[in-house]
Amino acid sequence: MDPSSDPGEGGPAAVLWDMDGTLVDSEKLWDVVLAEGAQRMVGELTAAERTALVGSNMAATSRRLLELAGRAVTDEAADEVADWMRGRTAELFSGALPWRPGAREALEALRAADVPCALVTSTERGLTELALNTIGREFFAATVCGDEVDGKNKPHPEPYLRAARLLGVDPAACVAVEDSPVGAASAEAAGCAVLVVEADVSVERGPGRTFRPSLVGVDPGEFSRLIRSR
């Protein structure tokens, strides 16, 4: 291993990864589902309405579509919308998902350096398992999905706090990799250093956030520098 890429002493206790838009370019598939779902209920979403849903979980998205359609937001109605979206997403996730640039190489480098990783996603467990057929379960010592946080989804810190608990590490010693405003807010609130790689939406700058245009060239040494610079 190149010494410059070695995490060495003072490196991250773990790297915690968002999935959609960060590791894989599944947001484009989610756009298909969202557009079709919206067309069934409210017509075309505005750009602002679509942006506001990036990083949201299935329950929040289904309730928001009901609101936009002017329909009563009941548990039964939300479940019906979510079930349709879940089935359509599963159809699209059943094939190979496209990687975000540099993401697979970063995971492989961290694995070679024995830096543990966790997957922290708003996507539900059933759909995440389909995605992991592409991503690879072997990269993650723990996974936290959107239906496993007792409703405390991003931007709440619980998804990242739970991942740290599962790994037995201090979240303040972890780097989280995110692409969305709600994801960055969740990781920041949990105390993680945040590496933001914007994909479909802009993320607000902040002192605890480091920005890169892509994951190309990101190695264990860079994750270590993020921890040491805190």
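This is a predicted model: local features need pLDDT of at least 70, side-chain atom pairs count only at pLDDT 80 or more; totals for chains, interfaces and linings use all residues.
**Exercise 1. Find which residues line the second largest cavity, and sort them by class.**

Solution. 
- Step 1: The lining is made up of Gly21, Thr22, Arg100, Pro101, Val197, Ser214 and Leu215.
- Step 2: Sorted by class, this lining has three nonpolar, three polar and one charged residue.

**Exercise 2. Describe the largest cavity: what is its volume, and which residues lie nearest its centre?**

Solution. 
- Step 1: Two cavities of 30 Å³ or more are present in the structure, and the largest has a volume of about 260 Å³.
- Step 2: Its lining counts 21 residues, with Asp20, Trp30, Ser56, Ser122 and Thr123 nearest the centre.
- Step 3: The elements that give two or more residues to this lining are α1 (27-41) and α4 (75-93).
- Step 4: By class, the lining of the largest cavity holds six nonpolar, eight polar and seven charged residues.

**Exercise 3. Now turn to the largest pocket. Which element gives the most to its lining?**

Solution. 
- Step 1: The pocket has a volume of about 190 Å³.
- Step 2: Among its 18 lining residues, Asn57, Met58, Ala59, Arg86 and Glu124 are the closest to the centre.
- Step 3: Both α3 (58-68) and α4 supply at least two lining residues.
- Step 4: α4 gives the most, with five residues.
- Step 5: The classes come to five nonpolar, five polar and eight charged residues.

**Exercise 4. Locate the largest nonpolar core and look at the surroundings of Phe223.**

Solution. 
- Step 1: Setting aside residues up to four places away in sequence, Phe223 touches Pro12, Val15, Trp17, Leu110, Val175, Val177, Leu195 and Val218.
- Step 2: Another core, of 19 residues, lies apart from this one and includes Val144, Tyr160, Ala187 and Val203.

**Exercise 5. Is Ala78 buried or exposed, and what does Ala78 touch?**

Solution. 
- Step 1: Ala78 belongs to helix α4.
- Step 2: Ala78 counts as buried because its relative accessibility is 4%, and the cut-off for buried is under 20%.
- Step 3: Beyond neighbours within four places in sequence, Ala78 is in contact with Ser62, Arg63 and Leu66.

**Exercise 6. Inspect the backbone: where are Asp114, Asp150 and Pro155 found?**

Solution. 
- Step 1: Most residues other than glycine have a negative phi, and most peptide bonds are trans.
- Step 2: Asp114, in the loop between α5 (103-112) and β2 (117-120), has a positive phi of about 60 degrees.
- Step 3: Asp114 is exposed because its relative accessibility is 69%.
- Step 4: Asp150 sits in the loop between β3 and α7, with a positive phi of about 55 degrees.
- Step 5: Asp150 is exposed, at a relative accessible area of 65%.
- Step 6: Pro155 is found in the loop between β3 (142-144) and α7 (158-167), and the peptide bond from Lys154 to Pro155 is cis, with omega near 15 degrees.

**Exercise 7. Check the confidence: over which residues is the pLDDT below 50?**

Solution. 
- Step 1: The chain averages a pLDDT of 90, and 95% of the residues score at least 70.
- Step 2: Residues 1-8 have a pLDDT below 50, although this stretch has 17 contacts in the model beyond near neighbours in sequence.

Key. Residues are numbered from 1 along each chain as its sequence is written. Side-chain values use heavy atoms; hydrogens and water are left out. On a 1 Å grid over the protein atoms alone, a cavity is a set of points where a 1.4 Å probe fits but cannot get out, and a pocket is an open set with protein on both sides within 12 Å along at least five of seven lines; lining residues have an atom within 4 Å of a point. Grid points are joined across faces, edges and corners, and a volume is the space filled by probe spheres set on the points. Helices (H or I, at least four residues) and strands (E, at least two) are DSSP runs, numbered from the N terminus. Ala, Val, Leu, Ile, Met, Phe, Trp, Tyr, Cys and Pro count as nonpolar, Asp, Glu, Lys and Arg as charged, and the others, Gly among them, as polar. A nonpolar core is a set of buried Ala, Val, Leu, Ile, Met, Phe, Trp, Tyr and Cys residues joined through side-chain atoms within 4.5 Å. Buried means under 20% relative accessible area, exposed over 50%, partly exposed in between (1.4 Å probe, protein chains only). Contact means heavy atoms within 4.5 Å. pLDDT is the predictor's confidence in each residue, from 0 to 100.
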